[in-house]
Amino acid sequence: MHRIGGIEENDRVRVSAKADYAVRAAVEIAASDHLPIKAEEIANHQAIPLTFLVKILHELRTAGLVRTQRGPDGGHELARPAAEISIADVLRAVEGPLAEVRGTPPESVHYMGSAEPLQRVWIALRTNMRGVLETVSLADIAGDQLPAQVDALAENRESWVTR
């Protein structure tokens, strides 16, 4: 099994709870009509454990994606427009690089013999992940307006088949 930026790959792709919670929290902030929004409200709307969410919001703040305002009227808001924050940005903030092989970027992994082409497979996988995750913004999800190429991939019957 290989870990790929919050996603574990064996025979299917699995998004970690942390990655899923981070994206959902960021989308909740993007969709909120009253800002700043309190962590408790995000946690309640998205069914995210509050203690876990607080840590995630800290990581999003450290990455420059979220701003926090203290005080009774405080809460969280995006640090830049939702249309300028991709799902890839959120995943990198909480999980690190989108693709790693044994903790190493795929371009730094070297194989010998018959496995030598495998490095190119991991690089291609990262490119395809970027092709989706970097083109979908928080605004796209909050507004239910996914890019056409992402919708087309999701609408493909083969995309729904578990093998």
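Visitor: How do you know that the span of α3 agrees with its 13 residues?

Guide: At 1.5 Å a residue, α3 should span 18 Å, and its end C-alpha atoms are 18 Å apart, which agrees. The expected span here is 1.5 Å times one less than the number of residues in the helix. Before we go on, this is a predicted model, in which local features need pLDDT of at least 70 and side-chain atom pairs count only at pLDDT 80 or more, while totals for chains, interfaces and linings use all residues. Residues are numbered from 1 along each chain as its sequence is written, and side-chain values use heavy atoms, with hydrogens and water left out.

Visitor: What makes something a helix or a strand, and how many of each are in the protein?

Guide: Both are DSSP runs numbered from the N terminus: a helix is H or I over at least four residues, and a strand is E over at least two. By that rule the protein has seven helices and five strands. Along the sequence they follow the pattern β-β-β-α-α-α-β-β-α-α-α-α.

Visitor: Which residues of α3 are called buried, and which exposed?

Guide: A residue is buried under 20% relative accessible area, exposed over 50%, and partly exposed in between (1.4 Å probe, protein chains only). In α3, Leu 53, Ile 56, Leu 57 and Leu 60 are buried. Seen down the axis of α3, these buried residues fall within an arc of 105 degrees, so they line one face of the helix. The arc is taken over the directions from the helix axis to the C-beta atoms. Thr 51, Lys 55 and Thr 62 are exposed on the other side of α3.

Visitor: Why can residues a few places apart in a helix point the same way?

Guide: An α-helix has 3.6 residues a turn, so residues three or four places apart point the same way.

Visitor: What do the buried residues of α3 pack against?

Guide: They pack against α1, α2, β4 (66–69), β5 (75–78) and α4. Contact means heavy atoms within 4.5 Å. Leu 53, for one, touches Ala 25, Ala 39, Ile 42, Ala 43 and Ile 48, not counting residues up to four places away in sequence.

Visitor: How do you know where the buried residues of α2 point?

Guide: The buried residues of α2 are Ala 39, Ile 42 and Ala 43. Down the axis of α2 they fall within an arc of 100 degrees, so they line one face of the helix. What covers them includes α1, α3 and β5.

Visitor: What makes a group of residues a nonpolar core, and which members of the largest one touch the most others?

Guide: A nonpolar core is a set of buried Ala, Val, Leu, Ile, Met, Phe, Trp, Tyr and Cys residues joined through side-chain atoms within 4.5 Å. The largest has 34 residues, and Leu 53, Leu 60, Val 90 and Leu 138 touch the most other members. Two or more residues each come from α1 (17–31), α2 (39–46), α3 (50–62), α4 (87–95) and α5 (118–133). The largest share, eight residues, comes from α1.

Visitor: How do you know whether Asp 144 is buried or exposed?

Guide: Its relative accessibility is 64%, so Asp 144 counts as exposed. Asp 144 lies in the loop between α6 (138–142) and α7 (148–155), and its phi is positive, near 50 degrees.

Visitor: And what about Val 132: what is its relative accessible area?

Guide: At 27%, Val 132 is partly exposed. Val 132 is found in helix α5 and touches Val 150 and Leu 153, not counting residues up to four places away in sequence.

Visitor: What makes the peptide bond from Leu 35 to Pro 36 cis or trans?

Guide: Omega is near -5 degrees, and the bond is cis. Pro 36 sits in the loop between α1 and α2. Most residues other than glycine have a negative phi, and most peptide bonds are trans.
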